[in-house]
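Here is a short briefing on one chain. Read it beside the sequence and the structure.

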Amino acid sequence: PTEIVVELARDLPLSAQGRRDLDRQHMDNRAANEARDATLRQLGYAENYENRMRLRLWEEIDVDNPLNRRCVFSGEQISLERLFSPEIEIEHILPFSRTLDDSIANKVLATRHANRIKGRRTPHEAFSGSPEGFDWDAITARAANLPRNKVWRFAPDAMERYDNSERDFLARQLNDTRYT
């Protein structure tokens with residue numbers, strides 16, 4: 001054979017247009033990662049997964065205004081130089097220990113101090129009472145500027161919503177991948 005095509009279960013139900021859209025998304029992601037690698041080279045940082053992730057999360061904070069990129073919890077500005085310092089950490093919005101969700105949709109950048117205060121709690125559990133140095137209304141206002149797939153994770157019922165969607169996801173996956 002001159003070619004072998006392996007289709008994964010998630011690709012099987014896609015139409016021809018759906019596959020073209022998926023290919024386009026892969027090309028766009030590759031181009032974005034190449035641009036991030038160029039930025040990392042220019043800044044003198046290693047071109048690795050974590051640094052590309054930091055850049056991507058930093059870009060998501062405020063697409064239109066890089067000067068307004070702040071820790072969603074503390075409101076402290078995150079400059080491009082500060083982004084790669086130990087002061088800034090990649091934080092799971094909903095605790096990884098409770099969700100096992102390590103996807104980009106469950107990650108934001110946070111100051112080390114804010115991350116320690118949040119701990120293994122949801123943003124609402126940790127900050128809704130506005131502990132000293134934090135303002136819940138300001139946190140939700142900053143969170144509203146994040147991508148839609150992250151905003152809902154700041155809601156009071158985020159863990160319940162996650163638990164329900166996870167059960168639905170598991171049922172869908174089992175149904176979509178079963179052999180008949």
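**Two crossing helices**

The axes of helix α1 (residues 16–43) and helix α2 (residues 49–61) cross at roughly 105 degrees and come within 10 Å. Angles of 65 to 115 degrees count as roughly perpendicular, so α1 and α2 are roughly perpendicular to each other. On the α1 side, the contact is made by Asn33, Arg36, Asp37, Thr39 and Leu40. On the α2 side, Asn51, Arg52, Leu55, Arg56 and Glu59 make the contact. By class, the contact of α1 with α2 has five charged, three polar and two nonpolar residues. The model is predicted.

**Helix α1**

- α1 has 28 residues.
- From its first C-alpha to its last, α1 reaches 41 Å, close to the 40 Å expected at 1.5 Å a residue.
- Which residues of α1 are buried? They are Gly18, Arg36, Asp37 and Leu40.
- The buried residues of α1 pack against α2.
- Gly44 follows α1 and has a positive phi, near 85 degrees.

**The loop between α1 and α2**

- Glu47 lies in the loop between α1 and α2.
- Is Glu47 buried, exposed or partly exposed? Its relative accessibility is 39%, so Glu47 counts as partly exposed.
- Leaving aside neighbours within four places in sequence, Glu47 is in contact with Asp37, Leu40, Arg41 and Arg52.
- Glu47 and Arg36 are 11 residues apart along the chain, and their C-alpha atoms are separated by 8.3 Å.

**The strand pair**

- Strand β1 (residues 88–92) is mostly covered, with four of its five residues buried.
- In which sense do β1 and strand β2 (residues 107–111) pair? They pair in the antiparallel sense, over five bridges.
- Ile90 has Leu109 as its bridge partner in β2.

- Leu100 is not a glycine, yet its phi is positive, near 60 degrees.
- The place of Leu100 is the loop between α4 (96–99) and β2.
- Leu100 is exposed, with a relative accessible area of 65%.
- Ser130 is not a glycine either, and it has a positive phi of about 45 degrees.
- The place of Ser130 is the loop between α6 (123–127) and α7 (136–143).
- Ser130 has 33% relative accessibility, so it counts as partly exposed.

**The chain as a whole**

- How many helices and strands does the chain have? Its secondary structure comes to nine helices and two strands.
- Along the sequence, the pattern reads α-α-α-β-α-β-α-α-α-α-α.
- Of the 180 residues in the chain, 34% are buried.
- Take the contacts between residues at least 6 apart in sequence: 54% of them join residues at least 24 apart.

Methods. Residues numbered from 1 in each chain as written. Predicted model: local features only at pLDDT ≥ 70, side-chain atom pairs only at ≥ 80, totals over all residues. Heavy atoms only, no water. Buried < 20%, exposed > 50% of the residue type's maximum accessible area, 1.4 Å probe, protein only. Pairing = 2+ DSSP bridges. Axes fitted to C-alpha atoms, helices over the stretch in contact; angles between N-to-C directions. Parallel < 35°, antiparallel > 145°, perpendicular 65-115°, else oblique. Contact = heavy atoms within 4.5 Å. Nonpolar A, V, L, I, M, F, W, Y, C, P; charged D, E, K, R; others polar. Expected span 1.5 Å × (residues − 1).
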